[in-house]
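Thanks for coming. I will go through one structure today, starting with how I use a few words and then moving from the aromatic residues out to the chain as a whole.

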Amino acid sequence: MDTVMTSEGASGPVILDAMELTSDPGLAERFAESAHRILADLVRGGAALGWVEPPSRREVQDLFRDVFRAVQDGDGALRAAYVGRRLVGLGYWLRYARPTHRPHADLEKIAVAVSAHGRGIGRALTAALIGDARRAGIEVLTLDARGDNDSALHLYRSLGFTEYGRLPDFVAVGEHRYDKVFCMLDFRRQG
């Protein structure tokens, strides 16, 4: 298991991969419910996670059933951050389904519970997923983010992602419009 070091040097949250998570029946059984709570709370607070309204429990359960299936098939990676036995963050990437895009994957979601913001958990999850992508032989890891999500965009840039495009006023949240920003991490250009 990977741990995160805090600025005080104390051991922080444990970052589990999908295999470690599913090997603990207690954590695996509660994962979808805990993930739903985090995602719904974040969306209620206006987080840019792809939903306008908080997702239903069933929607989150179905989403992670598909993510776990992709991980088992070698087409994805999932990471979960725990403090003790409490889920405080999660993230995943999925390989592109189109045959001509199979060497590449998309970082779909990074979500950290509001109570755990500012502790470096998003960075630790993203870094672990980047490492997973590199080990899986992914050539280009992409992501998109809402243009007003400055903290996420700063995080991604600091981890080596570069912006490769932008759709102005593409994301609609009620009457508000935001740019959709496309970023990539090209492992082919790294040593």
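First, a term: a residue is buried when its relative accessible area is under 20%, exposed when it is over 50%, and partly exposed in between, using a 1.4 Å probe and protein chains only. By that rule Phe64 is buried, at 2% relative accessibility.

Next, where this comes from. The model is predicted, so local features need pLDDT of at least 70 and side-chain atom pairs count only at pLDDT 80 or more, while totals for chains, interfaces and linings use all residues. Residues are numbered from 1 along each chain as its sequence is written, and side-chain values use heavy atoms, with hydrogens and water left out.

Now the overall layout. The protein chain has five helices and eight strands. Helices here are DSSP runs of H or I with at least four residues, strands are runs of E with at least two, and both are numbered from the N terminus. Read from that end, the order is β-β-α-α-α-β-β-β-α-β-α-β-β. The radius of gyration is 16 Å, close to the 16 Å that the globule rule gives for 191 residues, so the chain is as compact as a globular protein of that length. That radius is taken over C-alpha atoms, and the rule is 2.2 Å times the number of residues to the power 0.38. Along the principal axes, the C-alpha atoms fill a box of roughly 45 × 40 × 35 Å.

Of the 191 residues, 42% count as buried. The chain exposes about 10,200 Å², and carbon and sulfur atoms supply 51% of that; the areas come from the Shrake-Rupley method with a 1.4 Å probe, and for residues only the protein chains shown count as cover. For contacts, meaning heavy atoms within 4.5 Å, I take residues at least 6 apart in sequence: 55% of those contacts join residues at least 24 apart.

On to the aromatic rings. How many aromatic pairs does a search of the whole structure find? The search finds five. Rings of Phe, Tyr and Trp (its six-membered ring) pair if their centres lie within 6.5 Å; planes under 30 degrees apart count as stacked, over 60 as edge-to-face, and the rest as tilted.

Take Phe31 and Phe68. Their ring centres are 5.7 Å apart and their planes stand at 85°, so this pair is edge-to-face. Phe31 sits in helix 2 (residues 25-44) and Phe68 in helix 3 (residues 57-72), so the pair ties together parts that are 37 residues apart in sequence. Both Phe31 and Phe68 are buried.

Phe64 and Tyr92 make another edge-to-face pair, with 5.8 Å centre to centre and 80° between the planes. Here the link runs from Phe64 in helix 3 to Tyr92 in strand 4 (residues 86-95), 28 residues apart. Tyr92 is buried, with a relative accessible area of 2%. Phe31, Phe64, Phe68 and Tyr92 form one aromatic cluster.

Two charged side chains sit over rings. The test is that NZ of Lys or CZ of Arg is within 6 Å of the ring centre and within 35 degrees of the ring normal. Lys109 lies over the face of Trp51, 4.6 Å from the ring centre, and Arg146 lies over the face of Tyr178, at 4.4 Å.

Now helix 4, residues 121-135. Its 15 residues reach 21 Å from first C-alpha to last, close to the 21 Å expected at 1.5 Å a residue; that expected span is 1.5 Å times one less than the number of residues. Eleven of the 15 residues are buried, so helix 4 is largely enclosed by the rest of the structure. Among them are Ile121, Leu125, Leu129 and Asp132. After the helix comes Gly137, whose phi is positive, near 80°.

Asp169 also has a positive phi, near 50°, and is not a glycine. Asp169 lies in strand 7 (residues 162-173). Arg177, in strand 8, touches Asp169, Val171 and Ala172, leaving aside residues up to four places away in sequence. Arg177 is partly exposed, with a relative accessible area of 42%.

Last, which is Arg189, buried or exposed? At 67% relative accessibility, Arg189 counts as exposed. Its place is in the segment after strand 8 (176-186).
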